[in-house]
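Trainee: I'd like to learn how to read a model like this one. Could you walk me through it feature by feature?

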Amino acid sequence: MASSKSNFHVRSNSLPSKSHPVIEECNDRLIRLREASDATSSSSIVQRLGGLEDLHLCVEKLLHLPLTQQAFVQGRQENWVDQLVDGSLRLLDVCSTAKDAVLHTKECAREIQSIMRRKVSLESEIKKYSASRKVVKKAIQKALVSLKGVESKTSFSPSSKDSEITVLVSLLREVEAVTLSTFESLLCFVSGPKAHSKIGGWSLVSKLMQSKRVGCDEEIVNEFAKVDAALHCLMSNDTSKTEQAMLEMKNLEICVQDFEESLESLFRRLIKTRVSLLNILNN
């Protein structure tokens, strides 16, 4: 027993610690994402999604370090390992919800643009789009509300007194928190200004990151909200807004395309991270 413990600490200079280059890289990227957390434009959200992909690439490097793997194997029966594994699946689920919401919106937007170009009656197509938006918003609200219990489920820490393992676990928890924070911002952006007011009580990000949570304030107007407003005017027979509606739909199409590409790339990265994690525990 003593010999095993001695060997572990002799090699502990390879275990992730505050001074390890991979840890430093992860922390740098976390800082950048926190600093960008108040940004609420579509372009800033796309940038944050790109930042998340870079962050999870760092996590992938972290998981490939030999003694990071050793720490997971030794703690495989501990709660913190189970929670990190569950967390990796949770991130995939939320990302998948965001992808579905964006794809659904893109398909409906293209249909209504096609109708607009043919200059035929828009009423039925606008009603269809509005119904589709309700479906998207309902799915988003369900996803956000499901995260309300995340805080209590992620209150865990390793039983080991090794400070380096504690640093590792703390870092991975923060990665999950900042990832969820970004997905929350994206989902609220897609859903619209009132999304956040319906999910009071979800405080994972504020508790884990001790930073101001990003909400969907009433005064924020984005590409999705602009299209909703423009189509509402057309339903009120204000045909003078047709050109404006076409412009807003075009802007929405660009926004949705950017979201879709970023989410697909990030989703693939999250899958790789989860596979690496499972491989460590299954070997």
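This is a predicted model: local features need pLDDT of at least 70, side-chain atom pairs count only at pLDDT 80 or more; totals for chains, interfaces and linings use all residues.

Trainee: How many helices and strands does the protein chain have?

Mentor: Helices (H or I, at least four residues) and strands (E, at least two) are DSSP runs, numbered from the N terminus. Here the protein chain has eleven helices and zero strands.

Trainee: What share of the residues counts as buried?

Mentor: Buried means under 20% relative accessible area, exposed over 50%, and partly exposed in between, using a 1.4 Å probe and protein chains only. In this chain of 283 residues, 48% count as buried. As for contacts (heavy atoms within 4.5 Å), take those in the protein chain with a separation of 6 or more: residues 24 or more positions apart account for 81% of them.

Trainee: Now the rings. How many aromatic pairs does the structure hold?

Mentor: Rings of Phe, Tyr and Trp (its six-membered ring) pair if their centres lie within 6.5 Å; planes under 30 degrees apart count as stacked, over 60 as edge-to-face and the rest as tilted. The structure holds four such pairs. In one of them, Phe 189 and Phe 224 have ring centres 6.0 Å apart and planes at 90°, so the pair is edge-to-face. Phe 189 lies in helix 8 and Phe 224 in helix 10 (residues 223–235), so this pair ties together parts that are 35 residues apart in sequence.

Trainee: And which geometry do Phe 189 and Phe 259 form?

Mentor: That pair is edge-to-face, at 5.8 Å centre to centre with 80° between the planes. Phe 259 lies in helix 11 and Phe 189 in helix 8, so the parts tied together are 70 residues apart in sequence. Phe 189 is buried at a relative accessible area of 5%, and Phe 259 is buried at 0%.

Trainee: Which residues is Ser 42 in contact with, leaving aside neighbours within four places in sequence?

Mentor: Ser 42 touches Phe 189, Glu 223, Cys 255 and Phe 259. Ser 42 sits in helix 3 and is buried, with a relative accessible area of 14%.

Trainee: What lies over the face of Phe 267?

Mentor: A charge sits over a ring if NZ of Lys or CZ of Arg is within 6 Å of the ring centre and within 35 degrees of the ring normal. In this case Lys 99 lies over the face of Phe 267, at 4.1 Å from the ring centre.

Trainee: Last topic: how many cavities are there of 30 Å³ or more?

Mentor: On a 1 Å grid over the protein atoms alone, a cavity is a set of points where a 1.4 Å probe fits but cannot get out, and lining residues have an atom within 4 Å of a point. Grid points are joined across faces, edges and corners, and a volume is the space filled by probe spheres set on the points. The count is three cavities of 30 Å³ or more, and the largest cavity has a volume of about 190 Å³.

Trainee: What lines the largest cavity?

Mentor: There are 14 lining residues, with Leu 84, Ser 88, Leu 91, Leu 172 and Thr 273 nearest the centre of the largest cavity. Helix 5 gives the largest share of the lining, four residues.

Conventions. Residues are numbered from 1 along each chain as its sequence is written. Side-chain values use heavy atoms; hydrogens and water are left out. On a 1 Å grid over the protein atoms alone, a cavity is a set of points where a 1.4 Å probe fits but cannot get out, and a pocket is an open set with protein on both sides within 12 Å along at least five of seven lines; lining residues have an atom within 4 Å of a point.
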